[in-house]
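Work through the exercises below with the model open. Each task is followed by a solution in steps.

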Amino acid sequence: MTTTYDAVIVGAGPAGLACSTALAANGLEVAVLDEQAAPGGQIYRNISRSSAGQQAVLGDDYIYGFKLLRAFEDASLTYLPQSRVWQADSNGDVCFSRYGTSQKINGRFLVLCTGAMERPVPFPGWTLPGVMTCGGMSNLYKDSGLVPSEPLVLAGSGPLLWLVAEHLLTLDAPIKAIFDTAPMTHVFAALKEAPAAVRRADFLLKGVKMIADVYVTARKKKIKIYRNVSGLRGEGNEKLQTVRATVGGRQLSIDATTLLVTEGIIPNTSLLRQVGCTHEWNPVQRFWYPLTNVNGNSNFSKVFVAGDGAFVHGAKSAEYKGQLAGLTIARELHRLSSDEYQQQSEPVRQELKQDLFPRPFIDALYRPGKTLFSLADSTIVCRCEGVTAGRIRELVKAGHTDHNEIKAIIRCGMGPCQGRMCSSAVHELLVEGSGIAPEKARQHRLRPPIKPVNLLELANAKLEGTDEI
């Protein structure tokens with residue numbers, strides 16, 4: 001297998017597909033490493049194998065992915081599915097696992113299209129069987145056409161809540177209730193962003209129609225929708241049996257065996273932090289994101305970041321960001337003249353600019369509530385190591401105000417997920433207890449391997465010019 005490429009792309013969602021296609025179109029040697037079995041990322045997951053029925057439910061936004069997929073399949077490039085990247089470096093080296101063997105390849109440029117993930121928010125009972133994310137449920141339907149057959153509750157905040165509710169209502173899933181946890185007061189705070197948002201009135205109306213359709217259908221099916229919900233918790237012995245919450249001072253209790261939760265989308269920055277990309281804190285959506293320019297350039301000359309891994313803006317914006325990164329690299333490698341680059345990239349920049357108009361409004365409307373991480377001491381924060389919120393607060397109170405110090409003492413973030421599921425909550429608890437400004441608190445530091453790799457695989461690693469890692 002070739003081990004050196006003009007560019008190595010990590011991820012095959014909309015950004016990875018668009019970037020690699022742009023690079024290949026300019027005659028560059030490209031390798032695409034994809035953890036999934038087929039291209040599409042999460043938004044276009046399994047699109048190449050989707051049925052007509054699935055496409056009808058998932059709608060035009062999902063079907064649009066065929067355009068990117070066809071261009072990708074027609075491109076001359078190396079696609080490596082089921083490749084789990086566990087280390088990358090700013091010199092372009094990438095180590096990954098594939099079919100039980102670890103390998104290393106190098107790119108003159110590295111484009112990290114790691115995408116986004118749902119914000120993990122611990123609550124009592126979130127580790128019970130039967131509790132999962134809305135995105136996880138969506139993936140199960142895209143992969144296998146699975147639909148819940150037992151009573152379920154949807155809970156959370158943000159567009160994904162309503163999108164999954166719309167899909168499940170269409171599929172006649174046995175929804176018992178929908179809990180909207182978005183604080184009503186956020187509507188007023190978001191109004192200052194409305195002037196820019198209305199420049200994409202079509203986008204806003206599409207969202208309004210989706211939510212209105214959910215309300216209408218829910219009313220017909222006699223499904224209750226509760227607003228301004230707080231205090232979510234799941235209860236049960238060996239699996240979820242009851243979902244409880246508070247609304248307007250009233251306690252709600254609903255028998256259900258499935259609870260689908262979502263509290264917004266954040267950039268998946270694990271690999272970016274391991275590489276060493278500089279990050280900045282976003283005070284509205286309360287997440288870390290890598291500092292890049294519009295073309296995706298990071299603080300490393302050979303490393304680009306494209307798509308929702310750079311900042312969560314949605315699938316279309318991710319596509320445009322991927323295109324810009326690909327065109328910029330093609331110019332850097334002298335495959336495009338300055339005039340050609342300007343001619344091809346400027347229309348993409350304009351499309352991206354148009355697509356971003358409503359994002360500040362949406363981010364403000366669905367920003368995390370002030371009490372989102374007001375966790376009871378008994379709540380498990382680190383699922384891998386069983387660490388509670390109370391234990392983390394004890395360490396912060398004792399003066400341990402470095403995320404990485406807390407990790408070293410109680411292993412919070414050392415498990416198989418390497419902090420992916422707990423780092424946001426640990427950061428919030430640290431800020432809460434120490435009084436340190438969130439942007440001043442040290443980020444969770446990741447060291448390779450950032451994904452589980454067994455010793456036999458490392459021993460049999462195929463690395464150019466050496467038999468050692």
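**Charges**

Task: In this predicted model, how many positive and negative side chains does the chain have, and how far apart do the centres of the two sets lie?

Solution: There are 51 positive and 45 negative side chains in the chain. The centres of the two sets are 5 Å apart.

**Overall form**

Task: Compare the radius of gyration of the chain with the value for a compact globule.

Solution: Start from the length, 469 residues, for which a compact globule would have a radius of gyration near 23 Å. The chain has 22 Å, which agrees. Next, take the box along the principal axes: the C-alpha atoms fill roughly 65 × 50 × 40 Å. Then count elements: the chain has 17 helices and 21 strands. Finally, buried residues make up 54% of the 469 residues.

**Confidence**

Task: Find where pLDDT stays under 50.

Solution: Begin with the average, a pLDDT of 95 for the chain, with 98% of the residues scoring at least 70. The stretch under 50 is residues 465-469. For these residues the model has five contacts beyond four places in sequence.

Solution: Locate glutamine 285 in the loop between strand S17 (279-282) and strand S18 (287-290).

Task: Do the classification for glutamine 342.

Solution: Glutamine 342 is in helix H12 (residues 338-356). With a relative accessible area of 41%, glutamine 342 is partly exposed, because that class lies between 20% and 50%.

**Backbone exceptions**

Task: Which phi values do glutamine 82 and asparagine 228 have, and where do these residues lie?

Solution: Start with the general rule: most residues other than glycine have a negative phi. Glutamine 82 has a positive phi of about 55° and lies in the loop between strand S3 (78-80) and strand S4 (83-88). Asparagine 228 has a positive phi near 55° and sits in the loop between strand S11 (224-226) and strand S12 (229-235). Glutamine 82 is partly exposed at 40% relative accessibility; asparagine 228 is partly exposed at 38%.

Task: What is the peptide bond from proline 448 to proline 449, cis or trans?

Solution: Omega is near 0°, and the bond is cis. Proline 449 is in the loop between helix H16 (423-434) and helix H17 (455-459).

Technical notes
Residues numbered from 1 in each chain as written. Predicted model: local features only at pLDDT ≥ 70, side-chain atom pairs only at ≥ 80, totals over all residues. Heavy atoms only, no water. Helix = DSSP H or I, 4+ residues; strand = E, 2+ residues; numbered from the N terminus. Rg over C-alpha atoms; globule rule 2.2 N^0.38 Å. Buried < 20%, exposed > 50% of the residue type's maximum accessible area, 1.4 Å probe, protein only. Lys, Arg positive; Asp, Glu negative; His and termini not counted. Charge placed at Lys NZ, Arg CZ, Asp CG, Glu CD. pLDDT = per-residue confidence, 0-100. Contact = heavy atoms within 4.5 Å.
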